[in-house]
Amino acid sequence: MMDKTRTALIGIIVENTEAIDRLNDLLHEYRGNIIGRMGVPHPSKEISIISIAIEAPDDTISALAGKLGALQGVTTKTIYSKV
């Protein structure tokens, strides 16, 4: 039986450029669930702002967000659709 999926948005702030390779590896690992991605550099603050739209079971979304947030210099926040 398939798990029920949800639509969510993971907001990511990257303050440590050394974390980018691992972050991209994680996003590649979850590529089957990712609907879209938008990255915006903020050169004057030397940070990157990334949003990930994802469709997956709750535990998959939480796992990705947790792994991303565990990276040094990376902060995440996840919001879920009510539908």
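When I say that two residues touch, I mean heavy atoms within 4.5 Å. With that in hand, hello everyone, and a quick reminder that what we have on screen is a predicted model.

Let me start with Ile-52, which sits in strand E3. Leaving out residues up to four places away in sequence, Ile-52 touches Ala-8, Leu-9, Ile-10, Ile-12, Leu-27, Ile-34, Gly-36 and Arg-37. Is Ile-52 buried or exposed? Its relative accessibility is 0%, so Ile-52 counts as buried. For a sense of distance, take Tyr-30: Ile-52 and Tyr-30 are 22 residues apart in sequence, and their C-alpha atoms are 11 Å apart in space.

Now let's zoom out to the sheet. What is the order of the strands? This is an open sheet of four strands, and they run E2-E3-E1-E4, with antiparallel pairing. Strand E2, residues 34-42, and strand E4, residues 74-80, are the edge strands, each pairing on one side only. From one strand to the next, the twist averages 15 degrees.

We can walk across the sheet pair by pair. Strand E3 covers residues 47-56, and eight bridges join E2 and E3 in the antiparallel sense. In that pair, Ile-34 stands opposite Ile-54 of E3. Next come E1 and E3, antiparallel again, over nine bridges. Here Thr-7 has Glu-55 in E3 as its bridge partner. Then we reach E1 and E4, an antiparallel pair with seven bridges, where Gly-11 is partnered by Lys-77 in E4.

Before we leave the strands, please look at the loop between E2 and E3, where you will find Glu-46. Glu-46 has a positive phi, about 55 degrees, although it is not a glycine. With 65% relative accessibility, Glu-46 counts as exposed, because the cut-off for exposed is over 50%.

On to the helices. Helix H1, residues 20-29, lies across strand E1 (6-14), E2, E3 and E4, and it runs at about 165 degrees to E2. Helix H2, residues 58-69, lies across E1, E3 and E4, at about 160 degrees to E4.

How do H1 and H2 pack against each other? Their angle is about 170 degrees and their axes are 10 Å apart. That makes H1 roughly antiparallel to H2, since angles over 145 degrees fall in that class. The residues that meet are Leu-23, Leu-26, Leu-27 and Glu-29 from H1, and Leu-64, Lys-67 and Leu-68 from H2. Sorted by class, this contact has five nonpolar residues, two charged ones and no polar ones.

That brings me to the core. As a reminder, nonpolar side chains in soluble globular proteins tend to be buried together. In our model the largest nonpolar core has 19 residues. Which of them have the most contacts inside it? They are Ile-10, Ile-12, Leu-23, Ile-54, Leu-64, Leu-68 and Val-74. E1, H1, E3 and H2 each supply at least two residues of this core.

I'll finish with Ile-12. Setting aside neighbours within four places in sequence, Ile-12 is in contact with Leu-23, Leu-68 and Val-74, among others. Its other partners include Ser-48, Ile-49, Ile-50, Thr-75 and Thr-76. And Ile-52, where we began, is also in contact with Ile-12.

Notes. Residues are numbered from 1 along each chain as its sequence is written. This is a predicted model: local features need pLDDT of at least 70, side-chain atom pairs count only at pLDDT 80 or more; totals for chains, interfaces and linings use all residues. Side-chain values use heavy atoms; hydrogens and water are left out. Two strands pair if DSSP finds at least two bridges between them. Axes are lines fitted to C-alpha atoms, for helices over the stretch in contact, and angles run from 0 to 180 degrees between N-to-C directions. Angles under 35 degrees count as roughly parallel, over 145 as roughly antiparallel, 65 to 115 as roughly perpendicular and the rest as oblique. Ala, Val, Leu, Ile, Met, Phe, Trp, Tyr, Cys and Pro count as nonpolar, Asp, Glu, Lys and Arg as charged, and the others, Gly among them, as polar. Buried means under 20% relative accessible area, exposed over 50%, partly exposed in between (1.4 Å probe, protein chains only). A nonpolar core is a set of buried Ala, Val, Leu, Ile, Met, Phe, Trp, Tyr and Cys residues joined through side-chain atoms within 4.5 Å.
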